[in-house]
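Thanks for making time this morning.

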Amino acid sequence: MSWLWAIIVGLVLGLIAKAIIPGKQQIPLWLTTVFGILGSILGNAAAGWLGVEDTKGIDWTRHVLQLVGAILVVGVGDMLWSSIRGGRSRARASR
């Protein structure tokens, strides 16, 4: 059940990150989910480093850090995805 929850959270965080980042991102939905999961893991790690991974009530700080992590990973991942996909389309066009 934890994998299913991680996928759902990753999808939601990835979609929110895509909505926050200006412009249109070229990454597919499955990659948005993967990047959202990675951002969530990054945010959890940052919360652990800051000592705010477990608080009384709702862990707002941890959730904000997860979203920031997702924004970073989706932003960088989109740039990498675009450069890889752009290189392939240019290589096909030159043939």
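**The largest pocket**

The largest pocket has a volume of about 260 Å³, a volume being the space filled by probe spheres set on grid points that are joined across faces, edges and corners. A pocket here is an open set of points, on a 1 Å grid over the protein atoms alone, where a 1.4 Å probe fits, with protein on both sides within 12 Å along at least five of seven lines, and lining residues have an atom within 4 Å of a point. The elements giving two or more residues to this lining are α1 (2-20), α2 and α3, helices being DSSP runs of H or I with at least four residues, numbered from the N terminus.

This is a predicted model, in which local features need pLDDT of at least 70 and side-chain atom pairs count only at pLDDT 80 or more, while totals for chains, interfaces and linings use all residues. Residues are numbered from 1 along each chain as its sequence is written, and side-chain values use heavy atoms, with hydrogens and water left out.

Of the 13 lining residues, W5, V9, S40, N44 and Q66 lie nearest the pocket's centre, and α1 supplies the largest share of the lining, six residues.

Q66 belongs to helix α3 (residues 60-93) and is buried, at 7% relative accessibility, where buried means under 20%. Leaving aside residues up to four places away in sequence, Q66 touches L13, G39, S40, G43 and N44, contact meaning heavy atoms within 4.5 Å.

L42, in helix α2 (residues 29-50), touches G69 and V73 under that sequence exclusion.

Note on methods. Buried means under 20% relative accessible area, exposed over 50%, partly exposed in between (1.4 Å probe, protein chains only).
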